[in-house]
Amino acid sequence: SADLLAAYGDEMQESERRESLDNILRGGARLQRMLEDLLMAARLEAGSFEFSTEKVVVASVLAEALAERPDQAADVEVVVPADLAVLADRTRFLQIVGNLLTNATKYGQLPIRVVAAASDRHVTVRVHDQGAALGDDVAGRLFEKFVQGPGGRGGAGLGLFIVRELSRGQGGDAWYETDDAGRGSFCFSLPRA
């Protein structure tokens with residue numbers, strides 16, 4: 001698009017110039033997100049990432065994540081006790097939820113259901129979509145760097161790696177599981193407050 005603008009910009013119609021410029025801007029934004037993911041993955045892997053841990057109410061983070069995605073909110077059901085809280089870095093908790101919602105929207109089928117429940121020491125959050133479960137061969141590798149599930153579209157394959165490392169860095173974990181009905185869920189846990 002930049003080459004086209006440089007070579008033929010004076011000859012192009014305004015709508016064609018605008019389309020080329022929009023393509024450049026979208027490409028730049030994709031590259032920026034990819035660079036941020038690569039840097040975060042490197043920092044997490046090196047153990048040089050610092051978390052700012054505090055008591056965080058789970059429902060408030062889930063509501064904030066949906067408010068950032070108004071086009072998805074109608075297709076997401078949230079089931080979480082109002083007073084359930086974790087000890088976590090709020091910004092990174094929000095990033096984990098955002099990555100999983102994006103993943104469910106991109107690769108799964110609507111509607112999406114987000115369920116949070118407490119055990120003795122942790123809170124587990126499950127993100128279910130209505131798509132078919134992944135096979136064991138794919139599911140076992142999803143949280144590795146640069147791995148994409150079937151039909152991977154445009155990402156670097158770092159989102160789930162970052163989800164797992166952010167969860168582990170805060171004393172939790174992330175995984176994929178299949179229920180009895182054959183539906184898959186992406187799950188993560190954080191320490192209970």
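1. Let's start with a pair of helices: helix 3 passes helix 5 in a right-handed crossing (right-handed means that the near helix is turned clockwise from the far one by less than a right angle, left-handed that it is turned anticlockwise). Helix 3 covers residues 58-67, and its axis comes within 9 Å of that of helix 5, at a crossing angle of roughly 55°. That makes helix 3 oblique to helix 5 (under 35 degrees counts as roughly parallel, over 145 as roughly antiparallel, 65 to 115 as roughly perpendicular and the rest as oblique). Axes here are lines fitted to C-alpha atoms, for helices over the stretch in contact, with angles from 0 to 180 degrees between N-to-C directions. Helices (H or I, at least four residues) and strands (E, at least two) are DSSP runs numbered from the N terminus.

2. Before going on, a word on the model: it is predicted, so local features need pLDDT of at least 70 and side-chain atom pairs count only at pLDDT 80 or more, while totals for chains, interfaces and linings use all residues. Residues are numbered from 1 along each chain as its sequence is written, and side-chain values use heavy atoms, with hydrogens and water left out.

3. Who meets whom between helix 3 and helix 5? From helix 3 come Val58, Ser60, Val61, Leu62, Glu64, Ala65 and Leu66, and they meet Arg90, Phe93, Leu94, Val97 and Leu101 of helix 5 (contact means heavy atoms within 4.5 Å).

4. Helix 5 (residues 90-107) also packs with helix 7, at about 150° and with the axes 10 Å apart. That makes helix 5 roughly antiparallel to helix 7. Among the residues making this contact are Arg92, Ile96 and Asn103 on helix 5, and Leu160, Val163 and Leu166 on helix 7. The crossing of these two helices is left-handed.

5. After helix 7 comes Gly171, which has a positive phi, near 95°.

6. Look at Asn103 in helix 5 too. It is buried, with a relative accessible area of 14%. Leaving out residues up to four places away in sequence, Asn103 touches Gly108, Leu160 and Phe186.

7. Phe186 turns up again in an aromatic cluster, together with Phe143 and Tyr176. The charged end of Lys145 sits over the ring of Phe161, 5.9 Å from its centre (the rule asks for NZ of Lys or CZ of Arg within 6 Å of the ring centre and within 35 degrees of the ring normal).

8. At 1% relative accessibility, Phe188 counts as buried. Its contacts beyond four places in sequence include Phe93, Ile96 and Val97, along with Ser167 and Trp175. The C-alpha atoms of Phe188 and Arg164 are 7.5 Å apart, although 24 residues separate the two along the chain.

9. One backbone detail: the peptide bond from Leu110 to Pro111 is cis, with omega near 0°. Pro111 belongs to the loop between helix 5 and strand 4 (112-118). For background, most peptide bonds are trans.

Definitions and conventions:
Phe/Tyr/Trp six-rings, centres within 6.5 Å; stacked < 30°, edge-to-face > 60°. Buried < 20%, exposed > 50% of the residue type's maximum accessible area, 1.4 Å probe, protein only.
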